[in-house]
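Student: I would like to work through the fold of this protein by question and answer. Could we begin once the model is in view?

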Amino acid sequence: MFAMPDQTPRITPLPESEWDETVAGVVSVTGPLNIFTTLGRHPDLFKSWIGFGTMLLIEGTLPARDRELAILRAAHNNGCTYEWTHHARLAHQAGLDDAEIAALTAGLDEHSWAPADRAVVAAADELHTTRTLSQASWEALSARFDERGMIELVILVGHYTMLAFALNALRVQPEHKH
């Protein structure tokens, strides 16, 4: 989906023989995803990060649809094939259709988003370009989310932006489909 000049991983995923209990535990649930077996090469950081990521992805307060809209837009804005590949599947599970997922790679006005969806996508764009939210964006989101949801949405976009930086810089490759 996104052009990468060199697709060779800069850090190879850990072989199963080198997984610690944290990586092994995560992989027992998710399968041996390259994100986990690569980041698992820094055990202390991985252990802290996986708890934070799990909170946002599984235990957060945002509806799954909103979460996946924000994550996919962050993946697009940061040119992250790995995030896009995994979260397009999760977006389908959260109720987004093919046209909505495809629209996340286009300009905001190129799709007729429902107002609540538009506010989330626009917020991801605004955070990407300005590193903050305007008062108008804040008010649009406040109509949808409570205080916790507002905090979580901003942190979610920031987290997946940071993760895109790491995945792109480390050249973590999407898993091959069989």
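Tutor: A note on conventions comes before the questions. Residues are numbered from 1 along each chain as its sequence is written. This is a predicted model, in which local features need pLDDT of at least 70, side-chain atom pairs count only at pLDDT 80 or more, and totals for chains, interfaces and linings use all residues, while side-chain values use heavy atoms, with hydrogens and water left out.

Student: How many helices and how many strands does the protein have?

Tutor: Elements are DSSP runs numbered from the N terminus, helices being H or I of at least four residues and strands E of at least two. From the N terminus on, the order reads α-α-α-α-α-α-α-α-α. The count is therefore 9 helices and 0 strands.

Student: What is the radius of gyration of the protein, and what does the globule rule give?

Tutor: The radius is taken over C-alpha atoms, and the rule is 2.2 Å times the number of residues to the power 0.38. For 178 residues the two values are close, so the protein is as compact as a globular protein of that length.

Student: Is T22 buried or exposed?

Tutor: T22 lies in helix α1, residues 21–30. Beyond its neighbours within four places in sequence, T22 is in contact (heavy atoms within 4.5 Å) with F46, K47 and I50. Buried means under 20% relative accessible area, exposed over 50%, and partly exposed in between, with a 1.4 Å probe and protein chains only. Because its relative accessibility is 15%, T22 counts as buried.

Student: Is R171 buried or exposed?

Tutor: R171 is placed in the segment after α9, and its phi is near 60°, a positive value in a residue other than glycine. Most residues other than glycine have a negative phi. Since its relative accessibility is 15%, R171 counts as buried.

Student: Is R131 buried or exposed?

Tutor: R131 lies in the loop between α7 and α8, with a positive phi near 65°. Because its relative accessibility is 63%, R131 counts as exposed.
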